[in-house]
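Good morning, and thank you for coming. Please look at the sequence and the structure as they are shown, and I shall then take you through several of the contacts within.

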Amino acid sequence: MNNTENTVYVLSGYAQCSTTKNDKYTLGNKHSIGLLTTDENYQGNIKQLKTFIKDLGWESITFCMVEKVDDINTLSNDVLISSFIRAKENGQSLVVNDHPITVH
């Protein structure tokens, strides 16, 4: 079995809400995000990945860290596990922290 068949790349960062369509988030607030993708060439396709996120109502997207996950069993968070599964099925999945980033 090819090891890359189970690989998902987790790009972590933050983005600003740019839509009022979703009552869950406030327009203009920044949130931590995680984009899970099966795209091995995520660096070369970063523009398309950001377009995917923008189409979901986010702007000012910044990625700070990338983690390679080869085994779903290493994930202990239910949200990340379900997002991992969605990414395997759809090629990518976005996770947004419900709590906005605040500056103290």
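Predicted model: local features only at pLDDT ≥ 70, side-chain atom pairs only at ≥ 80, totals over all residues.

A search of the whole structure finds two aromatic pairs. By this I mean rings of Phe, Tyr and Trp (its six-membered ring) whose centres lie within 6.5 Å; planes under 30 degrees apart count as stacked, over 60 as edge-to-face and the rest as tilted.

Residues are numbered from 1 along each chain as its sequence is written, and side-chain values use heavy atoms, with hydrogens and water left out.

Tyr9 lies in strand S1 and Tyr42 in the loop between S2 and H1, so the pair ties together parts that are 33 residues apart in sequence. Strands (E, at least two residues) and helices (H or I, at least four) are DSSP runs, numbered from the N terminus. Both Tyr9 and Tyr42 are buried, where buried means under 20% relative accessible area, exposed over 50%, and partly exposed in between (1.4 Å probe, protein chains only).

Tyr25 and Trp58 form an edge-to-face pair, 5.2 Å centre to centre and with 70° between the planes. Tyr25 is in the loop between S1 and S2, and Trp58 is in strand S3, 33 residues apart. Tyr25 counts as buried at 13% relative accessibility, and Trp58 does so at 5%.

Trp58 also leads us to the largest nonpolar core. A nonpolar core is a set of buried Ala, Val, Leu, Ile, Met, Phe, Trp, Tyr and Cys residues joined through side-chain atoms within 4.5 Å. Of its 14 residues, those that touch the most other members are Leu11, Ile33, Leu35, Ile53, Trp58, Leu94 and Val96. Two or more residues come from each of strand S1 (8-17), strand S2 (30-37), helix H1 (46-55), S3 and strand S4 (92-100). S1 gives the most, with four residues.

Finally, which residue's side chain makes a polar contact with the side chain of Ser93? It is Arg86, at 3.0 Å. A polar contact is a pair of N or O atoms within 3.5 Å; within protein, one must be able to donate a hydrogen and the other to accept it, and residues adjacent in sequence count only if both atoms are side-chain atoms. Ser93 is found in strand S4 and is buried, with a relative accessible area of 2%.
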